[in-house]
Amino acid sequence: MAAFHPRQHQLWNHHPLHPPSADLRRLFHRLTIAFSLSILCFSLVYIFAGCCESELTDNSDVSARDLLVAGSAWPERNVSHADGESGLEGNSSGKEWTATRRLPQALIIGVKKGGTRALLEFLRLHPDIRALGSEPHFFDRHYARGLDWYRTMMPKALDGQIVMEKTPRYFVTVDTPPRIHAMSRDVKLIVVVRDPVTRAISDYTQIISKTPGIPSFESLAFKNHTTGQIDSSWSPLWIGLYAQHMERWLAWFPRSQIHLVSGERLITDPAGELGKVQDFLGLQRIVTDKHFYFNKTKGFPCLKKPEGSSKPHCLGKTKGRTHVSIDPDVIQKLRDFYKPHNQRFYQMVGQSFEWQ
Ligand SMILES: Nc1ncnc2c1ncn2[C@@H]1O[C@H](COP(=O)(O)OS(=O)(=O)O)[C@@H](OP(=O)(O)O)[C@H]1O
């Protein structure tokens, strides 16, 4: 049997020298301390549990900041996952409990090989942006899963933060504009466009790196090499018919709701392009030239001193790689082919990109 502590005894059978009110005061005092300690313990458990949860969920979709801290390359994922967290703790200053998963208010819809990853990763430095790191391919591949599924893919965001994702294939998928319109007629759309000839070579460089031994660029680009007839149905060339794709978007969204980023200027003047994107999104210009430096070895702008790290960082090896070499005659034929398409595109969007 447990011994009865004399002090406990004292509490209930008060000493004749101590009046009952003094005992009660002491009891009250002890209860107050015990209560405060239990609140403190509870809060600590809650805080630590919260931290662990965000660490675990962030693993499935590593944020630029996480990778910068970890010292590895930026992610290039095509795999979607419900826990697409990205830098929540960085952006929300420990306010996770008020953050919710919402449908995106802004989308980077294209173009493939335009510089979409660089744009997304640079935008993610903005505290008012919460962006999914992977490409969810909801409107082009997973639409049947429904908007609730899509919402669960999104990172948690606080009120006032803009939720966004990038899937470059949206730009060229016929069903996508009406589907996005059905989700939100106010969504802001961003397209990074790049010289369609360079873009096609970049695309082919990636394809051949994944499927070595495929036919040469030339044999795929021409229906008939001798007559010089271009095969514009070949995906790397077809994607570059920007006017054709843009026309479908403009049937659903006003021009003012679509912002075009120059893929070329994103490389030569990332801060300038980022400034315009932040204006378009109605955000304060927080990502500025202070964030970038030009890495001569890589030949691309990289992040100078990202938040949470003292080390500069560049995009991974598959971004900004050496292109396969193409015969200058073939390049000229492609330039001639794209010329009228580019002119139509400039007229349609009221903006020139000065591709040759
Ligand atoms: N800062 C920086 N660092 C590295 N690369 C940069 C950067 N800014 C733009 N780019 C260009 O981005 C091209 C890849 O485009 P995407 O990210 O849209 O490709 S993808 O569609 O997601 O596969 C990639 O194409 P390639 O040069 O052909 O590799 C780059 O030219």
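The following legends describe close-up views of a predicted model.

**View 1. Residues surrounding the ligand.** The ligand is surrounded by 18 residues. Gly115, Thr116, Arg117, Ala118 and Ser202 are the closest of these. Sorted by class, the shell around the ligand comprises seven nonpolar, six polar and five charged residues.

**View 2. Secondary-structure elements contributing to the ligand shell.** At least two residues of the shell come from each of helix 5 (116–123), helix 8 (196–210), helix 12 (263–268) and strand 11 (300–303). Helix 5 provides the largest share, with three residues.

View 3. The strands are arranged in the order 3-5-2-6-9, and their pairing is parallel. Strand 3 (129–131) and strand 9 (258–262) each have a single partner strand, so one side of each of these edge strands is left without a neighbour in the sheet. From one strand to the next, the twist averages 25°.

**View 4. Pairing of strand 3 with strand 5.** Strand 3 pairs with strand 5 (residues 162–166) in the parallel sense, and three bridges link the two strands. Within this pairing, Ile129 has Ile162 of strand 5 as its bridge partner.

**View 5. Helix 13 packed on the sheet.** Helix 13 (residues 270–280) packs on the sheet and touches both strand 6 (188–193) and strand 9. The direction of helix 13 makes about 175° with that of strand 9. Strand 9 stands at an edge of the sheet.

Terms used:
Residues numbered from 1 in each chain as written. Predicted model: local features only at pLDDT ≥ 70, side-chain atom pairs only at ≥ 80, totals over all residues. Near = placed C-beta within 6 Å. Helix = DSSP H or I, 4+ residues; strand = E, 2+ residues; numbered from the N terminus. Nonpolar A, V, L, I, M, F, W, Y, C, P; charged D, E, K, R; others polar. Pairing = 2+ DSSP bridges. Axes fitted to C-alpha atoms, helices over the stretch in contact; angles between N-to-C directions. Contact = placed C-beta atoms within 7 Å.
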